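Hi everyone, thanks for coming. Let me put the structure up and then walk you through some of its parts.

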Amino acid sequence: MHDLHFYETAKGHGLPHDPFNAIVGPRPIGWISSISAAGVLNLAPYSFFNGFNYTPPIVGFASVGEKDSLRNIRATGEFCWNLATEPLAGAMNASSAMVAPEVDEFGLAGLTPLASRLVKPPRVAESPVSFECKLTQIVQLQSAAGELVPTWLILGEVVGVHIAKRLLVNGVYDTAAGQPILRGGGPADYFRIAPEQKFKLRRPG
């Protein structure tokens, strides 16, 4: 049996830092580029991000608070996801700064906007993998009691995929070679993926 720390979330965790983000992790980073109706570029990382469907491919991220990405995507119906890699960690972090809507985070982070093929928002040129996405749903989350909370889940269909050819080994995408960084818990914890950490499990049947 485990010696367990238990808490009711409504009453607080009683720890120096909320463990929720550390337990549900490490998580892929939603590095989202978007463009406002007026043409202002925006780039921001989101720690609540993942893929949710194969066909059509659907990705989603949660905006805790009504942020520029949400407003832009609501207005234009499009966004891009860009792979946050270890070499780009500093730039990714710089793009997380809380700045005014008219500030272009591409310039703030020293990154290059690269035109997409199927959507208006640009991709991060320095990122080796990008998804071009069209909005499918925006869902405001609610509590078990049915009360709305100020967090919105943005879901988008991936309509275009860009992959650096060096990451395709005999036609198979090499996850570790992409050097993705993952969000952990605490105020500053990130993790990396290394080839030696890989193991294989075949699904039964």
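Before I name any strands, a quick word on the terms: helices (H or I, at least four residues) and strands (E, at least two) are DSSP runs, numbered from the N terminus. Two strands pair if DSSP finds at least two bridges between them. Also, keep in mind that this is a predicted model, where local features need pLDDT of at least 70 and side-chain atom pairs count only at pLDDT 80 or more, while totals for chains, interfaces and linings use all residues. Residues are numbered from 1 along each chain as its sequence is written, and side-chain values use heavy atoms, with hydrogens and water left out.

Okay, let's begin with β2 and β3. These two run antiparallel and are joined by six bridges. Take isoleucine 32, for instance: its bridge partner in β3 is alanine 44. The hairpin they make has five residues between the strands, and glycine 39 there takes a positive phi near 95°.

By buried I mean under 20% relative accessible area; exposed is over 50%, and partly exposed is in between (1.4 Å probe, protein chains only).

Now over to helix α2, residues 68-76. Its buried residues are Asp68, Ser69, Leu70, Asn72 and Ile73. What covers them? The cover includes β2 (30-35), β3 (41-46), β5 (58-64), β6, β9 and β10. Contact here means heavy atoms within 4.5 Å. Just after α2 comes glycine 77, with a positive phi of about 75°.

In general, side chains of opposite charge can pair when their charged atoms come close. The cut-off used here is a side-chain nitrogen of Lys or Arg within 4 Å of a carboxyl oxygen of Asp or Glu, and the structure holds five such salt bridges.

One of them joins aspartate 68 and arginine 71, at 2.6 Å from N to O. They are three residues apart in α2, which puts about one helical turn between them. Aspartate 68 counts as buried because its relative accessibility is 14%, whereas arginine 71, at 38%, is partly exposed.

Another links lysine 134 with glutamate 78, with the closest N and O atoms 3.0 Å apart. Lysine 134 sits in β9 (residues 129-142) and glutamate 78 in β6 (residues 78-82), so this pair ties together parts that are 56 residues apart in sequence. Glutamate 78 is buried at 12% relative accessibility, and lysine 134 is partly exposed at 33%.

Then there is glutamate 8 with lysine 11, where the closest N and O atoms are 3.4 Å apart. Here lysine 11 is exposed, with a relative accessible area of 66%, while glutamate 8 is partly exposed at 44%.

Last stop: an open sheet. Three strands make it, in the order β1-β13-β14, and the pairing is antiparallel. Which strands stand at the edges? β1 (27-28) and β14 (190-192) do, each with a single partner strand, so one side of each has no neighbour in the sheet. Three bridges connect β13 (residues 181-183) to β14, and in β14 the bridge partner of leucine 182 is phenylalanine 191.

That's my tour; happy to go back to any part of it.
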